[in-house]
Structures are given as structure tokens and as C-alpha cells.
Amino acid sequence: MSEQQSTITSGLVENRVFPPSEAFVKAARVSGMPAYDALCAEAAQDFEGFWARLARENLNWTKPFTQTLDESQAPFYKWFADGEINASANCLDRHMGTAVENKTAVIFEADDGTVTKTSYKELLARVSQFANALKAHGIQKGDRVLIYMPMTLEGVIAMQACARLGAIHSVVFGGFSAKAVQERIIDVGAVAVITSNYQMRGGKELPLKAIVDEGMALGGCEAVKTVFVYQRTATACPMLAGRDKTFSEVLAGQSADCAPVPVGAEHPLFILYTSGSTGKPKGVQHSTGGYLLWAKVTMDWTFDLKPEDVFWCTADIGWITGHSYVAYGPLAAGATQIIFEGIPTFPNAGRFWQMIERHKCSIFYTAPTAIRSLIKAAEGDAKVHPDRSDLSSLRILGSVGEPINPEAWMWYHKHVGHEKCPIVDTFWQTETGGHMMTPLPGATPLVPGSCTLPLPGIIAAIVDEVGNDIPNGTGGILVVKRPWPSMIRTIWNDPERFKKSYFPEEMGGKLYLAGDGAIRSADRAYFRITGRIDDVLNVSGHRMGTMEIESALVAKTDLVAEAAVVGRPDDVTGEAICAFVVLKRPCPSGDEAKAIAKELRDWVAKEIGPIAKPKDIRFGENLPKTRSGKIMRRLLRSLAKGETITQDTSTLENPAILSQLGQTY
């Protein structure tokens with residue numbers, strides 16, 4: 001790809017443009033901007049017909065649908081509602097009797113470097129066998145199953161086995177705490193848990209089953225009848241007689257044939273919890289038909305998937321990216337994919353690049369946080385620089401989880417893609433199910449730091465606080481004007497919160513509120529995401545509510561009187577957590593403050609998970625508040641960033657407190 005100067009100055013402040021090469025355009029699934037424009041025009045002219053065509057061409061239906069979109073109970077939209085389908089059958093059975101049957105589905109590389117390969121035929125047999133084991137323990141259509149697994153093939157098998165039976169899975173990231181596990185078991189009404197004795201990360205054996213036991217011991221989990229335990233390592237873990245069963249125990253004698261259970265297209269495929277600004281995590285409910293359709297179509301469009309590709313998404317199955325672009329999308333598309341158990345810095349920070357070379361990876365999809373941390377490692381140690389590995393197999397690079405800053409984009413483009421690989425900078429959310437805005441590698445001219453344009457059929461816009469469109473070049477609120485098949489259906493057990501969170505009445509109740517600010521460039525109308533408009537932090541692509549972290553800090557009742565949490569920019573994680581804390585004792589300093597800060601970080605890790613540990617902790621006798629008692633968070637954000645306070649502080653009850661909050665521990 002050759003660099004070409006342009007004049008993108010309004011909003012994006014970026015004048016580097018990288019059009020796709022002629023050869024890439026010629027061979028692409030969506031070939032050139034005219035092809036992209038034609039798809040957008042088809043969606044504009046016959047919106048329902050466009051989605052119906054995609055659904056018929058990309059999915060196998062047990063019972064064909066006759067109604068495409070039902071808007072009668074908006075914003076509780078239904079897609080393909082009278083059709084029946086099975087997600088697992090569309091990922092596995094559909095490939096039997098084709099050239100894909102004996103193709104490698106998964107190249108699994110364990111933490112220690114051990115590699116195993118599994119074909120589609122073998123994967124179908126393993127999923128069917130595990131589904132039969134679940135069925136033998138009473139799990140059936142509509143039951144909820146909590147999955148708390150390491151990043152192994154067995155985790156994907158567990159998800160697919162649930163889908164095969166029409167059971168609804170809820171995956172919890174393996175770094176979350178016992179309390180987080182307990183809360184999700186209770187909220188989702190899980191009847192079973194699938195976990196592992198341990199997980200391996202960076203050469204360390206970390207407990208999972210013990211955390212499940214600790215969470216269930218907190219109470220309220222009586223509906224769980226069975227805990228299935230994958231023995232990832234040889235180390236024993238406590239087993240409760242009658243409730244806990246090992247994988248080897250339940251799989252013994254089970255048939256490798258299991259007929260997939262047809263479900264309605266609107267049947268929930270999974271519930272995935274994501275942070276909200278009110279403190280209580282939200283159970284995002286996704287449908288089977290619409291979700292799977294978009295996972296498959298975006299694999300084809302965004303990644304320009306070819307039969308010979310080796311695809312690698314580095315996300316964990318505990319996040320939406322691991323659902324859509326590990327557990328479902330690649331399998332529905334018949335791709336060969338890499339699944340990696342470990343971390344990018346073990347045994348050294350060249351692990352990603354060495355794996356790309358070893359497995360001849362052609363499509364690599366990772367997070368800006370990983371890229372930034374590996375830039376730092378490569379600059380400090382030439383031995384782990386991507387230039388030391390043969391990355392010639394790569395043809396497409398991807399970015400996911402948060403906006404990628406232009407200079408990290410340029411490094412990725414130069415040192416990983418060798419200036420020949422398009423970078424698909426994908427914007428989407430847990431709630432959207434799949435990509436919403438992204439360049440298409442054989443069509444869209446790329447601009448560093450911009451997710452460019454919406455995918456065909458996604459009617460995105462930037463509006464003001466009451467839903468009026470605003471001109472390009474002006475920052476505003478990102479919305480989607482029409483429903484689409486893979487969108488969130490509701491918040492589990494909380495439809496009112498769903499409406500309030502995503503379809504606010506002040507915007508007319510019909511616009512999907514993404515919760516992000518955005519700006520469009522004046523010349524190309526390219527989108528750039530500017531950050532969250534609510535109090536949700538994005539740390540390494542993981543969303544956490546400030547209220548959630550504040551609640552955890554204040555729950556340390558012997559120590560903390562009050563806490564306020566804000567985010568600040570961070571070179572590695574994108575956003576860092578900064579906590580302002582008022583103790584129930586005199587304001588500490590020096591070694592005492594350091595010790596208390598460590599105690600609070602460990603407490604938050606226990607309550608929520610290590611990812612939620614504040615990077616900065618500041619102590620004060622009080623927080624900056626107005627005379628009415630409202631915390632002035634804008635001042636805290638300025639303090640967290642190290643900015644000089646220039647705002648008017650005359651409304652503060654206690655302006656002198658600002659100088660006290662300057663020291664970080």
C-alpha cells in the first residue's frame with residue numbers, strides 16, 4: 001500500500017491516507033468503494049430485503065423465516081422471528097460433506113507452546129459428545145449455564161455444546177473474582193457451571209474452580225445442580241461429592257452424535273455481562289439468528305476471508321470479541337483459526353510474532369493495548385522486535401476494543417504489516433454483537449486512528465443531546481438510526497433499564513445510543529470515536545463502570561468513607577483508573593499511604609478482578625464538592641490528567657481540598 005497525502009484536517013487532524021493496492025482490490029470480496037456503495041444502496045432501497053437476502057445466503061435454517069423485521073414492540077425488535085435455526089449446526093454440521101469437513105478448524109497453542117490441531121469433523125464429534133454429557137445431567141433448551149474457563153479449545157466446545165442443546169450460556173472472564181461469579185450465577189439463574197481446576201497464564205497455574213467454590217459459598221447459588229470441571233493441569237482441586245464432576249467422568253461412554261435442537265431465531269444464544277454506569281453489571285442478551293448472521297457476514301466482509309486463510313483473534317472468550325470472532329464467526333465461516341492460551345509476553349514479548357511465523361497466520365486481530373505494550377517491549381529489546389520474525393504470511397491486520405492512536409497504527413502498519421497489510425480498525429460493542437464501523441480491506445482508503453465508515457446496513461449518525469443531526473466536523477453523540485439483526489435484544493431481567501440505557505426518551509426512544517462520542521471528518525465523512533459519554537471506563541478494551549469500582553472501594557467499610565473514580569489517558573492501557581479516596585482516619589502520606597493504597601488495590605481485585613485495580617490512588621480529607629454535595633468529577637478528571645485547574649471553582653464548598661489530592665500512590 002502506498003502512502004498518499006490528503007487534506008483530512010477537520011475533526012481528525014490527520015492527513016495520511018492509505019488506499020488499498022490495486023491487486024488487493026481486485027481479489028477482495030468487497031472490491032473497491034463502488035462495491036461498498038452498491039451494498040449501502042441496496043440496504044437504503046430495501047432495508048428488510050437486504051437483511052433477508054444475507055440471512056438466506058449465509059445461514060442454514062431448520063424452518064425458513066417469512067417475516068424479516070418486527071418493529072411492533074420497539075425498541076424490542078425481532079428479526080426472522082418465525083424462523084428456526086441452531087447456531088452449533090451452522091458452525092459445524094453445515095461443513096460436513098464439504099471440503100471443510102477435514103480442514104483444520106482450530107490450531108491450539110497452549111501456554112507452554114504445545115500445539116494441537118483439530119479438524120471440523122473432530123470438533124463436531126467433541127461438541128456433540130459434550131452436549132450429550134450436559135443432556136445426561138438434565139440440561140435442556142432454555143436453561144442457563146455459566147462458563148468460567150481458561151482460553152482453551154474446551155471453552156469453545158462448552159459454548160458450542162450449550163448452543164447445540166438450545167441452552168443459554170453466560171461466559172465469565174477467567175480473571176473475574178468470586179463475587180463477580182456469584183453475582184452472575186444469581187442474576188442469570190444458572191443451573192450449572194462449567195469450569196476448570198486451573199488455568200495456565202505466563203507459566204503460572206492460576207485457580208478457577210476454587211474461585212467458583214468461593215463465589216457459590218457466598219450464597220444464593222442453590223439453583224446450580226452440577227459443576228463440570230475440566231482438568232487442565234494435574235494439580236488436584238477440592239470436589240464436592242454429588243455436585244462436582246470431571247470432564248472425563250461425564251464424557252465416558254457418551255456418543256459423538258447429538259442432534260442439534262432447533263430454536264426460534266429470537267431464542268437467546270447467550271447472556272454476556274458488561275459494566276454499566278450504575279454499578280450493577282448488565283446482562284446483555286443476544287438472539288441466535290441475528291447474532292450469528294452478523295458474526296458470519298463480518299468475518300467475510302471485514303476480514304475478506306478466503307479458504308486458505310489462517311485467522312487469529314487474540315481475545316478471550318470471556319469478552320464479546322471472543323464470542324463473535326473465536327467461538328462463532330470463524331467456525332460459521334469455515335475458517336482455520338488459532339486459539340492461544342497464554343499471554344503475549346511469555347516466555348518473551350516476541351511470542352505473538354513468533355506464533356504468526358510458526359502458524360503462517362494471514363489475518364491477525366488484536367487490541368491497541370497489546371500493540372502499545374509490544375511497541376514498548378520491542379523498543380527496549382531488539383530480540384523481541386517483530387522485525388526478527390518472518391511475518392510475510394500476513395495479509396490483513398485488525399484492531400479491536402478501543403480506538404487506536406495514530407502513532408501505534410503507524411508502527412503496526414510498518415513493523416507488523418510491512419506497509420502491505422490493510423488495518424481494519426473495528427468499532428463495535430458487546431451490545432452490537434459484531435462490527436459496526438470498520439474499513440473494508442479491499443475497498444476503504446485507510447486513515448490512522450479512524451474506524452472510517454459504517455458497514456452496509458448500519459445507519460449510523462452523530463447527533464446532539466436531543467437526537468438532532470449535527471454537521472460533519474462537529475463532535476457529538478454516536479447513534480444508530482435503524483435496528484439491525486445482531487443488536488442487543490434486552491438486558492436480562494431488566495427491560496426498563498434496557499430502554500433507558502439504549503433508547504432514551506429524550507432522543508425519541510427510537511435511536512440506539514452507543515454511549516460514545518464521535519466526530520466525522522468534513523471531507524470524507526469518516527468517523528472517529530472520541531470516548532465514552534457516560535461514566536464507563538475502557539481499560540485495555542475492557543469496560544468497567546466507575547460506580548462499580550467506587551462501590552467496591554466503599555465496601556471496604558473498615559477503612560473507606562468515600563471514593564470517586566475517574567479515568568485518565570494511559571499510553572499502554574488506553575485509559576487508566578484513578579481513585580480519589582477519603583478514609584475513616586486521618587489522611588495518610590508516605591509509606592503509610594503506599595501500604596493503604598496496596599491494600600485497596602488488592603481489595604478491588606478481590607471484589608471485581610485484577611483488571612479493575614486502580615493505577616493511581618489519591619487520598620484527601622474530602623472530595624471536591626459543590627455546596628449541594630455533588631462531587632465535581634470534571635475537576636477530578638483534570639487532577640488525574642495532571643492538568644492545572646483553570647475551571648471556575650467558586651461553587652466548591654472546599655476549594656482547598658484540590659491541593660491535597662495532588663499526590664499519587
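These legends describe close-up views of parts of a predicted model.

Local features are taken at pLDDT of at least 70 and side-chain atom pairs only at pLDDT 80 or more, while totals for chains, interfaces and linings use all residues. Residues are numbered from 1 along each chain as its sequence is written, and side-chain values use heavy atoms, with hydrogens and water left out.

**View 1. An open sheet of four strands.** The strands follow the order β23-β24-β26-β27, with antiparallel pairing. Strands (E, at least two residues) and helices (H or I, at least four residues) are DSSP runs numbered from the N terminus, and two strands pair if DSSP finds at least two bridges between them. At the edges are β23 (460-463) and β27 (527-532), each of which pairs on one side only. From one strand to the next the twist averages 45°; axes are lines fitted to C-alpha atoms, for helices over the stretch in contact, and angles run from 0 to 180 degrees between N-to-C directions. Strand β26 (residues 512-520) is joined to β27 by five bridges. R520 has F527 of β27 as its bridge partner.

View 2. Strand β13 covers residues 226-230, and five of its five residues are buried, so the strand is largely enclosed by the rest of the structure. Buried means under 20% relative accessible area, exposed over 50%, and partly exposed in between (1.4 Å probe, protein chains only). T226, F228 and Y230 point one way from β13, while V227 and V229 point the other way. Five bridges pair β13 in the parallel sense with strand β10 (residues 192-196), where A192 is the bridge partner of T226. Three bridges pair β13, again in the parallel sense, with strand β14 (residues 244-246); here D244 stands opposite V227.

**View 3. The side chain of R16.** R16 lies in strand β2 (residues 16-17) and is buried, at 17% relative accessibility. The side chains of R16 and E407 are joined by a polar contact of 3.0 Å. Such a contact is a pair of N or O atoms within 3.5 Å; within protein, one must be able to donate a hydrogen and the other to accept it, and residues adjacent in sequence count only if both atoms are side-chain atoms.

View 4. An unreviewed UniProt entry lists V554 and V560 under "binding site". V554 lies in helix α16 (residues 546-554) and is partly exposed, at 33% relative accessible area. V560 lies in strand β30 (residues 560-570) and is buried, at 1% relative accessibility. Contacts of V560 (heavy atoms within 4.5 Å) include V554 and V581, not counting residues up to four places away in sequence.

How values were computed: UniProt positions are given in the numbering used here, feature names are shortened, and annotations may be inferred rather than shown by experiment.
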